[in-house]
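Student: I have a chain open here and would like to go through it. Can we start with the overall layout and then look at single residues?

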Amino acid sequence: MQAGGSSIQRPIHSSKPKLLCIITALIIAILAVPVILPHITHPSMIYHIFLHIVSVIIAVFLAVVSILAYKRNNGMRILFMTLGFISLAVIEFLYLFHATASIEDVIIPIVDIELSHIILLVMLTLFGLGVLKVTK
């Protein structure tokens, strides 16, 4: 029991450090077998993979935090920023799997452009809309 008589529990999403730790643990647990363990003995490769894993963790954390902010405020600016962070997480997963040679570059045949470049353009557009959107 706490001093003062009552114990109030806060939801996990109100503590960003705890949320970051949970997201980090989940992503590492999910990626351990398919991504980390096969390359653990390749020193140069594992550093490159860890760089992408850290990028995935940060992108997913920012996406989750922005989703929680959007649920609180329901603003269009926050919606655009949330969609931008989600697309950042998607592109970081693509880069991670490309770095581990799990997938090849996905090319859109009609325009002969990599899918990752299209997602980056969408992400930048969404961030731009979120920053430049004028609220009345």
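Student: How many helices and strands does the chain have?

Tutor: This is a predicted model. The chain has four helices and two strands. Starting at the N terminus, the order of elements is α-α-α-β-β-α.

Student: And how much of the chain is buried?

Tutor: Of the 136 residues in the chain, 29% are buried.

Student: What share of the contacts joins residues at least 24 apart?

Tutor: If you take contacts between residues at least 6 apart in sequence, 64% of them join residues at least 24 apart.

Student: OK, helix packing. At what angle do α3 and α4 cross?

Tutor: Roughly 160 degrees, and the axes come within 8 Å. Here α3 covers residues 76-99 and α4 covers residues 115-132. Angles over 145 degrees count as roughly antiparallel, so α3 is roughly antiparallel to α4.

Student: Left-handed or right-handed?

Tutor: The α3 and α4 crossing is left-handed.

Student: Which residues meet there?

Tutor: On the α3 side they include R77, F80, M81, S87 and Y95. On the α4 side they include I119, M123, L126, F127 and G130.

Student: What kinds of residues make up the contact of α3 with α4?

Tutor: The contact divides into 17 nonpolar residues, four polar and one charged.

Student: Take S87. Buried or exposed?

Tutor: S87 sits in helix α3. Its relative accessible area is 10%, so S87 is buried.

Student: What does S87 touch, leaving out residues up to four places away?

Tutor: S87 touches I119, M123 and L126.

Student: Now G130. Where is it, and what is it in contact with?

Tutor: G130 is in helix α4. Apart from neighbours within four places in sequence, G130 is in contact with R77, F80 and M81. G130 counts as buried because its relative accessibility is 4%. The C-alpha atoms of G130 and L79 are 7.5 Å apart in space, while the two residues are 51 apart in sequence.

Student: Change of topic, the core. How many residues are in the largest nonpolar core?

Tutor: That core has 25 residues, and I27, I53 and L96 have the most contacts inside it. The elements giving two or more residues to this core are α1 (16-36), α2 (43-73), α3 and α4.

Student: Which element gives the largest share?

Tutor: That is α2, with 11 residues.

Student: What does I27 touch?

Tutor: I27 touches V56, I57 and V60, again not counting residues up to four places away.

Student: And T24, how exposed is that?

Tutor: T24 is found in helix α1. The relative accessible area of T24 is 24%, so T24 is partly exposed. T24 and I57 are 33 residues apart in sequence, but their C-alpha atoms are 5.9 Å apart in space.

Student: Last topic, backbone angles. What is phi of N74?

Tutor: Near 55 degrees, which is a positive value in a residue other than glycine. Most residues other than glycine have a negative phi.

Student: Where is N74, and is it buried or exposed?

Tutor: N74 is in the loop between α2 and α3. With a relative accessible area of 53%, N74 is exposed.

Student: What about D112, what is its phi?

Tutor: D112 has a positive phi of about 55 degrees, although it is not a glycine. D112 lies in the loop between β1 (107-108) and β2 (113-114). D112 counts as exposed because its relative accessibility is 63%.

Definitions and conventions:
Residues are numbered from 1 along each chain as its sequence is written. This is a predicted model: local features need pLDDT of at least 70, side-chain atom pairs count only at pLDDT 80 or more; totals for chains, interfaces and linings use all residues. Side-chain values use heavy atoms; hydrogens and water are left out. Axes are lines fitted to C-alpha atoms, for helices over the stretch in contact, and angles run from 0 to 180 degrees between N-to-C directions. Angles under 35 degrees count as roughly parallel, over 145 as roughly antiparallel, 65 to 115 as roughly perpendicular and the rest as oblique. A crossing is left-handed if the near helix is turned anticlockwise from the far one by less than a right angle, and right-handed if clockwise. Contact means heavy atoms within 4.5 Å. Ala, Val, Leu, Ile, Met, Phe, Trp, Tyr, Cys and Pro count as nonpolar, Asp, Glu, Lys and Arg as charged, and the others, Gly among them, as polar. A nonpolar core is a set of buried Ala, Val, Leu, Ile, Met, Phe, Trp, Tyr and Cys residues joined through side-chain atoms within 4.5 Å. Buried means under 20% relative accessible area, exposed over 50%, partly exposed in between (1.4 Å probe, protein chains only).
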